[in-house]
Amino acid sequence: WSSVCEADFDQQDAEVVCRDLGCGAPSVLQGALYEEVEAPTWTKEFQCSGNESALLDCTTSDSDRNTCSAGKAVELTCADPVRLVGGSRRCAGTLEV
């Protein structure tokens, strides 16, 4: 797994991820700082049209990008709640592919 850099991820990419997870539309898209060991970072920019069924179905940039600030990854929250044992919460998390 690799983290996805916030600089290389946009609203159309978020729509594909939330739809793939069955969590509705994206409601929050922001950067998240890793506090511990830095994970490997996906080095290509996703170029989704917004209609793909999964993030890895999207095209990616042809060349590697090195625009990611140290420790800066995408954090995405989708709108539809997911019922968990003992409570409820929204689909949310730091994005990894």
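**Close-up views of a predicted protein model**

**Figure 1. Overall architecture of the protein.** The protein comprises one helix and seven strands. The model shown here and in the views that follow is predicted. Read from the N terminus, the order of elements is β-α-β-β-β-β-β-β. The protein has 97 residues, of which 32% count as buried. Its accessible surface amounts to about 5900 Å², and carbon and sulfur atoms account for 48% of this area. When contacts between residues at least 6 apart in sequence are considered, 66% of them join residues at least 24 apart.

**Figure 2. The disulfide between Cys-18 and Cys-78.** Cys-18 and Cys-78 are joined by a disulfide with an S to S distance of 1.9 Å. This pair links distant parts of the chain, since Cys-18 lies in helix α1 (residues 11-21) and Cys-78 in strand β6, 60 residues apart. The angle about the S-S bond is -85°, and the link of Cys-18 and Cys-78 is left-handed. Cys-18 and Cys-78 are both buried.

**Figure 3. The disulfide between Cys-48 and Cys-58.** A disulfide with an S to S distance of 2.0 Å connects Cys-48 to Cys-58. Cys-48 and Cys-58 both belong to the loop between β4 (46-47) and β5 (59-60), and they are ten residues apart. The disulfide of Cys-48 and Cys-58 is right-handed because the torsion about its S-S bond is about 105°. Cys-48 is buried, as is Cys-58. With neighbours within four places in sequence set aside, Cys-48 is in contact with Gln-12, Asp-13, Val-16, Leu-55 and Cys-58.

**Figure 4. The largest nonpolar core.** This core, the largest nonpolar one, contains 14 residues. The residues with the most contacts inside the core are Phe-9, Phe-46, Cys-48, Leu-55, Cys-58 and Leu-76. Helix α1 and strand β6 each contribute at least two residues to this core. The greatest contribution to the core comes from α1, which provides four residues.

Figure 5. Ser-61 is located in the loop between β5 and β6. Is this residue buried or exposed? Ser-61 counts as buried because its relative accessibility is 11%, whereas the limit for a buried residue is under 20%. If residues up to four places away in sequence are not counted, Ser-61 touches Lys-44, Glu-45 and Gln-47.

Figure 6. Glu-75 is part of strand β6, which covers residues 72-84. Strand β6 also holds Cys-78, the partner of Cys-18 in helix α1. The relative accessible area of Glu-75 is 26%, and this residue is therefore classed as partly exposed. The class of partly exposed residues falls between buried, under 20%, and exposed, over 50%. How far apart are Glu-75 and Glu-6 in sequence and in space? Glu-75 and Glu-6 are separated by 69 residues in sequence, while their C-alpha to C-alpha distance is 7.9 Å.

Technical notes
Residues are numbered from 1 along each chain as its sequence is written. This is a predicted model: local features need pLDDT of at least 70, side-chain atom pairs count only at pLDDT 80 or more; totals for chains, interfaces and linings use all residues. Side-chain values use heavy atoms; hydrogens and water are left out. Buried means under 20% relative accessible area, exposed over 50%, partly exposed in between (1.4 Å probe, protein chains only). Contact means heavy atoms within 4.5 Å. Accessible areas come from the Shrake-Rupley method with a 1.4 Å probe; for residues, only the protein chains shown count as cover. A disulfide is a pair of cysteine sulfur atoms within 2.5 Å. A nonpolar core is a set of buried Ala, Val, Leu, Ile, Met, Phe, Trp, Tyr and Cys residues joined through side-chain atoms within 4.5 Å.
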